[in-house]
Amino acid sequence: MEYLIRLAQVHETFRKPEIEALADLAGIDIEIIYYHEFSPYCVVKLPSEEAARTLISRSIIAKDIFELWGEGATYEDLHADVRRRTQHLWGKYLDTPFRFTVECFGGKRSSTEKRELIQSFSYVGFRGPIKLKNPDQDFWVLEQFPYDNGLTPRSTNPALEQDPVKIYLGRWLAESGREVINKYDLKKRRYISTTSMDAELSLITANMALAAPGKLFYDPFVGTGSFCVAAAHFGASSLALILMDEASAYGILDKFVDTFTSDLTNTPLLDKQFLDGIVCDPPYGVREGLRVLGSREGRRNEEVIIDGIPAHYRPGYIAPKKPYGFEAMLHDILNFASRTLVTNGRLSMWMPTSNDEDGELSIPMHPNLEVISVSVQSFNTWSRRLITYRRLPEGVVSDTSLGRQKGDAVGVSADELNAFRRKYFTRHHRHPKSPRNTPSSENGAPAQ
């Protein structure tokens, strides 16, 4: 059976990957019949109505789902398709309270026009009472008009713009989980920072990584816990810092495993496959250069003893740090994911890039990780990508020929160690110590 998904017109490149991720999570066979980046309607083939309801139930970027009763470029085509597809179903709803709803995307209809369109479906023979509030069955006429987005170019004849270019009739089934965005709105959070990831994108990231009950998730760059909160909402347990009062306020305290402080390159976590998901927004190193635990080469590493106690054992000890390359960090994240993710576990990682970069060549790759999807959030002169990887089974190797060909960056200064930082400030012609509109990560402090 074919179904129609009504999508939100935001974060367009995230929509199809989220649908596919949710189908994968639920073990649902899905075939995408029609999808366009700029259309709010997506037609899919699913095994059952139950599968349709399951698929949509936790989607963040979709609105709702319909049983598709017909489609066409004109109403003549639509009515013929409705008769062909669903005539055998009409008897099920003869005496059921119902209503019809007309939605016009990219256009508008008067009340009179909408009433006439609804009456054109009288041949289905419904005898039940029309119930405008909470009907037992809700049928939607969904019109898509031409608009300037490359999907359906406007005609040079204004008179032709009065007609839709695509029309659907659907029986409404279920709404998505999009309303949960309001629950986790940053404006309602007790504690946030300037780099906290907004609720919508945090929840989408958790969906891409397949967060679910019984799974263990980890954020190696956790700041105010946006990803951990999102993963916990979907039932996953988190190994990272979640503020206790936040977890308690959201009713997810039982999903809080433990907290610790460490460096990705000096982690106390087991060096084995035990994580189901890794979600992170690594520091971009724009405000300041990236740094990692350790001493620069050439410096003496003599142990310091204070009152007979090694300095690094004393309270308040601050470990030395050394410059860290941006590409070296990405390399370390992928290596860490390769070692710690279970088979088919996912890494969903945000990564910045200049808009003039070749997107495919900039995607970091690892032979044990398969790139599942790349979604882009664009800003003025830069973008950030959400890249989702799957841990491959042992013995299966991915094609990394399109990945980064360069090794770890070699240098001392922040610009030498970070090509993105260098491009960003070259474009903005500003001193790196005082940027405005600087990209930031989910890392709780300014990106280091």
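Biologist: What makes β17 and β18 count as paired strands?

Modeller: In this predicted model, nine bridges join β17 (residues 369–378) to β18 (residues 382–391). Pairing asks for at least two bridges, so these antiparallel strands qualify. A hairpin of three residues joins β17 to β18.

Biologist: And which residue of β18 does Leu369 stand opposite?

Modeller: Leu369 faces Arg391 there.

Biologist: Why is Arg391 called buried?

Modeller: Its relative accessibility is 4%. The limit for buried is under 20%, so Arg391 counts as buried.

Biologist: What makes the contact of Arg391 with Glu394 a salt bridge?

Modeller: The closest N and O atoms of Arg391 and Glu394 are 2.8 Å apart. The rule wants them within 4 Å, so the pair passes. Glu394 itself is exposed, at 56% relative accessible area; the mark for that is over 50%.

Biologist: How do you know that Arg53 and Glu49 form a salt bridge too?

Modeller: Their side chains meet at 2.9 Å, N to O, and the cut-off is 4 Å. The two are four residues apart in helix α2 (residues 49–57), so about one helical turn separates them.

Biologist: Why are Arg53 and Glu49 called partly exposed?

Modeller: Arg53 has a relative accessible area of 36%, and Glu49 comes out at 27%. Partly exposed is what lies between the buried limit of 20% and the exposed limit of 50%, so both residues get that label.

Biologist: What about Asp95 and Arg127: why say the pair ties parts of the chain together?

Modeller: First, the side chains of Asp95 and Arg127 meet in a salt bridge of 3.1 Å, N to O. Asp95 sits in the loop between α3 (75–86) and β5 (98–105), while Arg127 sits in the loop between α4 (111–119) and β6 (137–144), so the parts tied together are 32 residues apart in sequence. Asp95 and Arg127 are both exposed.

Biologist: How many salt bridges are there by this rule?

Modeller: The count comes to 20. There is also a network of salt bridges linking Glu2, Glu71, Asp81, Arg84, Arg85 and Lys166.

Biologist: Over which residues does pLDDT stay under 50?

Modeller: Residues 429–438 are one such stretch, with 16 contacts in the model beyond four places in sequence. Residues 442–448 are another, with 35 such contacts. Where pLDDT is low, the predicted coordinates should not be read in detail.

Biologist: And what is the mean pLDDT of the protein?

Modeller: The mean is 83, and 78% of the residues reach 70 or more.

Conventions:
Residues are numbered from 1 along each chain as its sequence is written. This is a predicted model: local features need pLDDT of at least 70, side-chain atom pairs count only at pLDDT 80 or more; totals for chains, interfaces and linings use all residues. Side-chain values use heavy atoms; hydrogens and water are left out. pLDDT is the predictor's confidence in each residue, from 0 to 100. Contact means heavy atoms within 4.5 Å. Buried means under 20% relative accessible area, exposed over 50%, partly exposed in between (1.4 Å probe, protein chains only).
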